[in-house]
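Biologist: Let us read this one together. Please take me through it feature by feature.

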Amino acid sequence: MKRVILVGDSIRMRYEGTVYAELEGVAEVWGPAENGEDSENILRHLDEWVLSRSPDIVHINCGLHDLKRLAGSDLPFVPIETYRANVQTILERIQQQTEGLIIWATTTPVNELWHKQRKGFERWGTDVATYNRVAVEVARKLNVEIDDLYSVVMSAGRDRYLNEDGGHFTPEGSHLLGKTVARCLRTHLEKLDPSLKASESSISM
């Protein structure tokens, strides 16, 4: 079976169970037990989590930890230009050191009011939009596929699926994200191995 690696923060950790279930028997899906956190942390662990594992597909995101701010601060944890450089380095290293297809997942939206009320730090919706724009620019320049999880949540109804902390998702929200990721991965797995599509058709008949 093809090997799929999922890398991301706690949003990924909460939806990956659905991805495992959806792709059981179709692909070998793996994700690190640790929270991927920000782009600098992913760079530190890139060899361990991705490059040493000979992936066929890497589905990857970082952003929510990069853009968080201490309450009242004007400075995000990872400034936008540093984030841009980190994302480019992450994607280029995967391209150069593996044969795997890369899918960049956009960062999911936040409700900044709920977040501010319940967290000791802040995340702003405008930052999510800016960091997503920069990451997508880098990904497209490198011909990396995009899985637009941000738009999926916004179209489905952001506050319907966010939990009360304004950043994480309800079980229904995580299930929605997991189904979306699995569908994206299935599409690309079928391109890599057309027999998967044929087997799916025979089952449906």
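Biologist: Leaving aside neighbours within four places in sequence, which residues is I94 in contact with?

Modeller: Contact means heavy atoms within 4.5 Å. By that rule I94 is in contact with L46, V50, L51, V58, I60 and I102, sequence neighbours within four places left aside. A note on the source: this is a predicted model, where local features need pLDDT of at least 70, side-chain atom pairs count only at pLDDT 80 or more, and totals for chains, interfaces and linings use all residues. Residues are numbered from 1 along each chain as its sequence is written, and side-chain values use heavy atoms, with hydrogens and water left out.

Biologist: Which residues of the largest nonpolar core touch the most other members?

Modeller: A nonpolar core is a set of buried Ala, Val, Leu, Ile, Met, Phe, Trp, Tyr and Cys residues joined through side-chain atoms within 4.5 Å. Buried means under 20% relative accessible area, with a 1.4 Å probe and protein chains only. The largest core here has 53 residues. V50, I60, Y83, L91, I94, W104 and L185 touch the most other members.

Biologist: How many aromatic pairs are there?

Modeller: Rings of Phe, Tyr and Trp (its six-membered ring) pair if their centres lie within 6.5 Å; planes under 30 degrees apart count as stacked, over 60 as edge-to-face and the rest as tilted. The count is one. The ring centres of Y83 and Y131 lie 4.9 Å apart and the planes meet at 45°, so this pair is tilted. It links distant parts of the chain: Y83 sits in helix α3 (residues 80-97) and Y131 in helix α5 (residues 125-141), 48 residues apart. Helices are DSSP runs of H or I, at least four residues, numbered from the N terminus.

Biologist: Are Y83 and Y131 buried or exposed?

Modeller: Both are buried.

Biologist: Where is F169, and what is it in contact with?

Modeller: F169 lies in the loop between α7 (158-161) and α8 (171-192). Its relative accessibility is 3%, so F169 counts as buried. Beyond four places in sequence, its contacts include I11, T108, V153 and L177. F169 and R158 are eleven residues apart in sequence, with C-alpha atoms 9.4 Å apart.

Biologist: Is H115 buried or exposed?

Modeller: H115 has a relative accessible area of 0%, so it is buried. It belongs to helix α4 (residues 112-118). Apart from neighbours within four places, H115 is in contact with F121, E122, R123, D165, G166 and G167.

Methods
Buried < 20%, exposed > 50% of the residue type's maximum accessible area, 1.4 Å probe, protein only. Helix = DSSP H or I, 4+ residues; strand = E, 2+ residues; numbered from the N terminus.
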